[in-house]
Each structure stands twice: as C-alpha cells, then as structure tokens.
Amino acid sequence: MAVAGAWVFRGALAQFFSADDFAGLARATGLEPHLRGLWRYLSGEAYFVLMRPLSGLDPRGYHAASLLLHLACALALYALLRRALAAPAATAGAICFAVHPAHFTVAYWVSAIGSPMALLLGLGALALALRRDRARWLAAPLFAAALLAKESVMFLPLGLWALLSWEASCERAAAARAGGEAGRAALERGPAGARAKPAAWRDPLLVTLAGLSLGEILYLGATGVMGPATGAAPYALGLGRDLLTNALTYLGWTADFFFPTVHRFQDAVEPQMYGWGVGLLALWLAGLASPGLRRRGWLVAGALYAALLLPVLPLAHHTYHYYLYGALVGLGWCVGAAFDLAQERLTLGRRARLAEERPLAAGMLPAGGAARAWAAAFGLSALLSLNGALLVRRIETAPFLDTGLLADPTVDRGRIAAQAIASLRAAPLADRVRLLFWSPVARSLAGALEEGESYFEANVRTALFDGLAVRLFCRQVDSVGFTLRFVPAPDGYLWAVYRPDGKLRVATSAELDSALAAFHPAR
C-alpha cells in the first residue's frame with residue numbers, strides 16, 4: 001500500500017511551495033510573527049519550525065514529509081482493518097484509501113499537512129483506546145495532539161464509541177458460540193491481569209476524549225475561527241441547505257473517483273455529484289441488511305466516515321476535495337469489508353462444489369482460497385492504483401482555458417511562484433530594493449472594460465502571497481507592491497514586469513518608460 005500511494009502521488013515531489021506555505025515558512029524564519037493561540041499549532045507552526053533545519057527552503061523535503069505521513073496513515077488504517085478483516089481484504093481497503101484521487105491537494109500542498117498529521121494521531125489514539133491495560137490512557141494526549149494539528153478529528157470520539165460497541169457485540173457473539181454465559185463472562189474479564197472493558201458509553205476514556213472535543217469546539221467559537229454565516233469568522237457555519245449540499249457533494253466525490261467519469265476537479269459544491277452521493281448512501285444503507293457486512297464493521301465504517309466529515313459539513317464557504325481526507329478511512333473499510341465477504345462467499349461456494357465432486361480434496365481448499373484472495377486483492381489494488389495515477393496526472397496537468405495556466409490552483413500558483421522567484425534570483429537586485437509588480441499582458445487579457453484587478457493579476461499576487469514569497473526567497477528585497485498601471489517611481493524602486501505565468505523581467509522606471517515610449521511613439 002505504501003508503494004501504491006507513493007507511485008500515485010509521486011508528482012508532488014517536483015512541486016514548489018504554494019500560497020499559505022509561504023506564511024508557515026516566514027514564521028519559521030522569523031520574517032513573520034509566530035502564531036498566537038493553539039489553533040493548528042502543530043501543523044501551522046511547529047511543523048515548519050521542525051522542517052526548517054532539515055529542508056530549509058527546499059520544497060522537496062516538505063512534500064516528502066507529506067507523502068510519508070499519508071503512507072503512514074494508510075498503514076495505520078491497515079492495522080485497524082486487520083481487527084475485522086482478513087489480510088487480503090485489509091490490504092485492498094487500505095490501498096483504496098491510499099490512492100484515492102481526492103487526496104491530491106494533501107499530497108501537493110504543504111500547508112495541507114494538518115490533515116494527514118491529525119488523522120495519523122487520531123488513528124493512533126483509536127489503537128491505544130482499544131487496549132485493555134493502562135496504556136490505553138495514552139490515547140488522551142495523542143488525541144489532544146491530533147486536535148492541535150487540525151480540528152477535522154474533533155468528532156472522532158463518535159467513531160470510537162461505534163468501534164467499542166461493535167467490538168463488544170462481536171465478543172458477546174463469540175462468547176455465546178463458545179459456551180453461553182460462562183464464556184461471555186470470561187471474555188468480558190479478558191486476559192489475566194487485564195481490566196474488563198466497561199460499556200462503551202460509560203468508558204471513562206471515551207468520556208475524556210469527548211471532553212477534549214467539547215473543549216475544541218468551545219475554543220473555536222471563542223476565538224472566532226468558527227461562527228455564524230452572517231459573521232466575520234474565517235470558517236462561517238451555514239446550517240440547513242449548506243449541510244445538505246455539502247454532504248451530497250462529498251458523498252459524490254467519495255464515490256466518483258474513476259478516470260473515465262471525472263471530468264473536472266473543482267473545489268466547490270457540485271450538483272452534478274448529487275446522484276453519485278445519493279447512490280453511495282443508498283448502497284451503504286442496503287449493506288446494513290447484510291449480517292456478513294455488519295460482522296465486518298460496516299456500521300463502524302459509516303460512523304467513522306460521518307465523524308471525520310461532520311466538522312466540515314456546515315462550512316458555508318469551504319467545500320474542498322481534501323476535506324474528505326480523514327473520512328475516506330470509512331470508504332477503505334467498506335471496500336475491505338465487501339471484498340472480504342465476497343471472498344468468503346466464493347470460498348464457501350467452491351468448498352461446497354468441491355465436496356460434492358471430490359470429497360477427499362475439499363480439505364485442501366483453504367490454502368488455494370488464500371492464494372486466490374491475495375491474487376484478487378492485488379488485482380483490485382493494481383486497478384485502483386492505475387486509476388488513481390491517471391486521474392492525478394490529469395489533475396496535475398489540466399490547462400486553464402488556453403492561457404498557459406493550469407486548472408488546479410495549488411499546482412498553478414506553485415508554478416507561478418517558482419518562475420517568478422527564479423526570474424528575480426537571476427536579476428541584479430540591490431540591497432533594500434523595493435519592487436513594484438505590473439503586468440501589461442494581464443491588463444490586456446483583462447480587457448479595457450475591467451477597471452479593477454483581473455483574475456490574472458490576482459492569481460499572481462495570490463501565488464506570491466502578496467509579496468511575502470519574494471521577501472522570503474530574495475532577502476535583499478525590502479518591500480513588494482502590486483499595481484495595475486505604470487507610473488514612474490522614485491529611486492530605490494524597481495519594476496517587476498510579469499506575465500500571467502509568473503515569468504518576469506526587472507527594469508528601472510527610466511528603462512520601462514523608454515521601452516513604452518518606443519512601443520507607443522505618440523505617448
């Protein structure tokens with residue numbers, strides 16, 4: 001699964017920094033003030049401080065770390081699935097998660113590191129919480145760390161409650177098969193020296209984790225990070241219609257991840273996805289009627305999906321593919337459960353047929369059944385990986401109209417920033433120079449009727465994070481400004497005349513004025 005995930009998202013290693021990445025880098029280098037408060041402290045501050053001595057301003061180290069965290073999440077999911085599924089099914093489920101194209105932004109954008117960081121810590125907390133000794137209380141600090149990475153896991157205790165309840169029901173069923181009440185009591189006592197598990201809803205650890213979640217919710221509200229849609233909170237909450245449209249869009253993106261059917265990768269509510277979303281929900285509800293799927297944790301998978309998606313469902317202005325990151329562990333579990341049940345049915349059916357035709361050979365079937373299960377798992381994994389690689393490549397290279405830009409903003413703005421910084425580093429820049437960015441090409445593309453900042457101008461400004469990227473990589477630059485028109489500037493200023501793709505030339509006001517006069521003699 002690690003190989004599959006690395007192969008699908010290998011293109012991320014060649015990407016530059018993009019947008020918010022420059023803010024994290026600037027805080028780590030002292031160019032910008034440090035974060036105040038605890039919100040996303042691990043992913044937004046501590047991570048960049050840790051990576052600075054390891055990778056400096058080389059984006060490859062940061063992207064490699066993102067990819068490694070993603071692969072670690074897939075391995076942690078495999079370990080969780082092995083509690084319910086055979087190894088081939090757990091492998092197929094974990095690979096389905098690892099290669100899902102919705103993870104594109106997480107792999108290609110350094111600032112999305114909070115998603116795999118929080119999920120890995122959250123899955124670690126789940127694994128510890130399922131223990132029966134005192135070590136299970138280590139889940140509390142691990143979950144607190146996950147919340148400091150990203151609030152996307154704040155409803156994970158709901159998934160833990162479903163998981164504890166499911167495991168308890170499985171143990172009761174096993175006890176009933178093993179010897180009635182005596183067997184059930186022995187299982188509830190657990191191994192010698194181990195403490196019995198309380199009922200899920202009375203588990204003190206679960207109550208502790210729920211208290212941490214409540215504290216996170218109160219903190220986000222008190223600091224203004226989240227608030228009513230009518231307010232000024234960065235993450236405005238819109239209840240009602242926003243919940244429904246977001247839910248159907250996310251369900252649709254979960255189901256529609258196939259190369260022939262995905263024609264765009266747009267981070268916005270997509271009514272075209274509603275049909276896929278309704279279909280996926282209906283399929284999951286139908287699966288609840290199968291005892292074999294329920295026994296394999298079908299309900300728990302849905303609970304984990306819902307718990308890890310719930311924090312983003314009310315967001316009125318943020319609907320992004322990568323917000324599915326944690327929730328897709330539920331998809332991986334469902335795929336693994338369905339695969340495991342199918343293999344069991346095929347094996348039992350073949351055993352019955354073989355027993356009728358060759359009774360003495362029926363006992364040899366399990367080894368062959370395991371081999372066929374692994375072959376099927378590798379076949380499915382190969383198809384999912386190929387599909388993911390093709391779709392990721394399409395997203396990475398899809399053009400934006402015929403402008404020479406790319407459709408995906410993360411990749412496009414990273415490329416613009418890389419080209420602008422490379423051009424500036426090749427130019428002779430004096431110490432404490434002040435740069436003014438201006439683009440006659442972007443102005444012409446905007447059209448004479450567009451007086452304000454055009455998309456092409458705003459795209460470059462955003463790619464350079466309002467000039468912070470320039471000051472970070474070209475430390476001799478004192479300040480950066482963006483203008484829509486050329487007006488001769490005083491000494492100490494240079495003009496960065498750029499194209500919409502970020503390539504630029506540096507000139508003085510006199511040089512630029514002379515060039516414009518030659519181009520427009522009547523000027």
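In the predicted model, the lining of the largest pocket draws at least two residues from each of α2 (21-29), α3 (41-55), α16 (365-397), α17 (409-426) and α19 (455-463). Helices (H or I, at least four residues) and strands (E, at least two) are DSSP runs, numbered from the N terminus. Of these elements, α17 gives the largest share, four residues. The lining comprises 44 residues, and T105, W109, Y320, Y322 and T410 are those nearest the pocket centre. A pocket is, on a 1 Å grid over the protein atoms alone, an open set of points where a 1.4 Å probe fits, with protein on both sides within 12 Å along at least five of seven lines; lining residues have an atom within 4 Å of a point. The space in the largest pocket amounts to about 1100 Å³, a volume being the space filled by probe spheres set on grid points that are joined across faces, edges and corners. By class, its lining has 22 nonpolar, twelve polar and ten charged residues. Here Ala, Val, Leu, Ile, Met, Phe, Trp, Tyr, Cys and Pro count as nonpolar, Asp, Glu, Lys and Arg as charged, and the others, Gly among them, as polar.

The second largest pocket has about 570 Å³ of volume. It is lined by 24 residues, with T254, L280, L283, L331 and C334 closest to its centre. At least two lining residues come from each of α11 (241-255), α12 (274-287), α14 (298-309), α15 (328-357) and α16. The lining of this second pocket is made up of 21 nonpolar and three polar residues, with no charged residue.

One cavity of 30 Å³ or more is present in the structure; a cavity is a set of grid points where the probe fits but cannot get out. The volume of the largest cavity is about 180 Å³. Its lining has 18 residues, and those nearest the centre are K150, E151, S152, V312 and Y323. Helix α7 (residues 114-129) contributes three residues, the largest share of this lining. Twelve of the cavity-lining residues are nonpolar, three polar and three charged.

Positive phi values in residues other than glycine were found at R40, near 50°, and at D466, near 55°. R40 is placed in the loop between α2 and α3, whereas D466 lies in the loop between α19 and α20 (468-473). R40 counts as buried because its relative accessibility is 18%, buried meaning under 20% relative accessible area, exposed over 50% and partly exposed in between (1.4 Å probe, protein chains only). D466, at 49% relative accessibility, therefore counts as partly exposed.

Of its 523 residues, 49% count as buried. Among contacts (heavy atoms within 4.5 Å) between residues at least 6 apart in sequence, 73% join residues at least 24 apart. The accessible surface of the chain is about 24100 Å², with 65% belonging to carbon and sulfur atoms; areas come from the Shrake-Rupley method with a 1.4 Å probe, and for residues only the protein chains shown count as cover.

Residues are numbered from 1 along each chain as its sequence is written, and side-chain values use heavy atoms, with hydrogens and water left out. As the model is predicted, local features need pLDDT of at least 70 and side-chain atom pairs count only at pLDDT 80 or more, while totals for chains, interfaces and linings use all residues.
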